Amino acid sequence: MKETNMTTELFCLRCQSDTPHRLTYLNSTISKIQCLQCSRTHRVRVDVKHELYHELLERIKTKPIRITKEYKNNMSLFLKIFPRRVVNKPFRLYKEAKEMKTLIKKYSKRH
Ligand SMILES: [Zn+2]
């Protein structure tokens with residue numbers, strides 16, 4: 001789960017003109033639109049559990065295919081890389097879990 005920002009020009013109702021706006025995304029879903037001139041903020045309700053569910057589902061679905069493809073492409077290289085990946089995984093998962101917890105907390109407050 002990832003939160004990203006993007007700046008773009010949009011029409012602001014309060015400014016009555018095109019102004020730079022900051023768009024915040026949670027994964028690929030827009031969660032916040034803010035006018036950088038007057039700070040008018042429009043929050044979009046994001047179902048954080050729905051986002052999480054789809055992200056995990058996508059990972060489970062794509063992972064076996066990815067491993068099979070790599071395995072077929074270069075078996076010896078795959079075998080060299082594989083053990084290191086297994087070692088790296090707990091840390092990566094821990095980091096992701098921490099980020100996820102922060103985002104779930106942040107988005108759950110809005111409901
Ligand atoms: Zn504005």
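**Terms and the values behind them**

Tutor: Let us begin with Arg-45, which is found in the loop between β4 and α1 (48-73). Please bear in mind throughout that this is a predicted model.

Student: Why is Arg-45 called exposed?

Tutor: Arg-45 has 10 other C-beta atoms within 10 Å. A residue counts as exposed if that number is 12 or fewer, so Arg-45 is exposed.

Student: How far is the C-alpha atom of Arg-45 from that of Ser-31?

Tutor: The two C-alpha atoms are separated by 6.5 Å, and the residues lie 14 apart along the chain.

Student: What makes Ser-108 exposed?

Tutor: Ser-108 belongs to helix α2 (residues 75-108). The count for Ser-108 is 10 other C-beta atoms within 10 Å; the limit for an exposed residue is 12 or fewer, and therefore Ser-108 is exposed. Its C-alpha atom is separated by 8.9 Å from that of Val-46, 62 residues away along the chain.

Student: With which residues is Val-46 in contact, leaving aside its neighbours within four places in sequence?

Tutor: They are Leu-26, Thr-29, Ser-31, Glu-51 and Tyr-107. Contact here requires C-beta atoms within 7 Å.

Student: What share of the protein is buried?

Tutor: Buried residues make up 9% of the 111 residues. Strand β1 is hardly covered, with one buried residue among its ten.

Student: How do you know that β1 and β2 are paired?

Tutor: Pairing calls for at least two bridges between the strands. Ten bridges join β1 to β2 (residues 17-26), so these strands are paired, and they run antiparallel. Among the opposing residues, Thr-7 stands opposite Arg-22, Met-6 stands opposite Leu-23, and Leu-10 has Thr-19 as its bridge partner. The two strands form a hairpin with four residues between them, and Gln-16 in the turn has a positive phi of about 55°.

Student: What makes β2 and β3 a pair as well?

Tutor: Six bridges join β2 to β3 (residues 29-35), against a requirement of at least two, so they also pair; their direction is antiparallel. Leu-26 has Thr-29 in β3 as its bridge partner. Their hairpin has two residues between the strands, and Asn-27 takes a positive phi near 55°.

Student: In what order do the four strands of the open sheet lie?

Tutor: The order is β1-β2-β3-β4, with antiparallel pairing.

Student: Why are β1 and β4 called edge strands?

Tutor: β1 (3-12) and β4 (41-43) each pair on one side only. From one strand to the next, the twist averages 25°.

Key. Residues numbered from 1 in each chain as written. Predicted model: local features only at pLDDT ≥ 70, side-chain atom pairs only at ≥ 80, totals over all residues. Axes fitted to C-alpha atoms, helices over the stretch in contact; angles between N-to-C directions. Contact = placed C-beta atoms within 7 Å. Buried ≥ 20, exposed ≤ 12 C-beta atoms within 10 Å, placed from the backbone.
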